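Hi,

Here is the structure I promised to pass on. Have a look at it first, and my notes on what turned up follow below.

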Amino acid sequence: MRRRRLAPADVVDVFAYVIVLNLATQFVPAMITETFVLSLLTAILLKAVLEVVVLLKNRVKVRFTAARRPIGKGLAAASLLLVMAGSKLVVLELVAWLFGDSVQLGGFVAVTALILLLMLTRAGVRRLLAAPDPDHLD
């Protein structure tokens, strides 16, 4: 059985998350990471949770698109809302369980803003590092 290696994009994501997380703890008093190692471990945890959330979100979007009746679309939309809101609560609980008082990401609103910022950072860094499209070279 062959072991899966980490993709370079995953490593870059974690490094970008560490930067965003440390900037957030610098400027948001409710966010605390006591050491760099804890911020690195928190970034890895956030990366793992966000990957699962993106996977779940994509599955729900497929169900939404495949739904033919309004009830199916409504259930899929409610599931999407549950995944998006529930993921923030999962992050808060996992951080509290794993790191105790050494890492605090604030409340629901603060962690929601942090996750949105992480997702934007991820998209921006991936776009910045993407190979140029040969059809659109000037």
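Before the details, one term: a residue is called buried when its relative accessible area is under 20%, exposed when over 50%, and partly exposed in between, using a 1.4 Å probe and protein chains only. Please keep in mind that this is a predicted model, where local features need pLDDT of at least 70, side-chain atom pairs count only at pLDDT 80 or more, and totals for chains, interfaces and linings use all residues. Residues are numbered from 1 along each chain as its sequence is written, and side-chain values use heavy atoms, with hydrogens and water left out.

First, the overall picture. The protein has four helices and two strands (DSSP runs numbered from the N terminus: H or I of at least four residues for helices, E of at least two for strands). Read from the N terminus, the order is α-β-α-α-β-α. The C-alpha trace spans about 50 × 45 × 40 Å along its principal axes. Of the 138 residues, 30% count as buried.

Now to helix α2, which covers residues 36-66. Val49 sits in this helix and counts as buried because its relative accessible area is 11%. Setting aside neighbours within four places in sequence, Val49 touches Val91 and Leu94 (contact means heavy atoms within 4.5 Å). Val49 and Val91 are 42 residues apart in sequence, yet their C-alphas are 7.1 Å apart in space.

Lys47 is in helix α2 too. Is this lysine buried or exposed? Lys47 counts as buried, because its relative accessibility is 7%. Beyond its neighbours within four places in sequence, Lys47 is in contact with Asp10, Asp13, Val14, Tyr17, Arg122 and Arg126.

Val28 lies in the loop between α1 (8-27) and β1 (31-33), and is partly exposed because its relative accessibility is 31%.

Cheers
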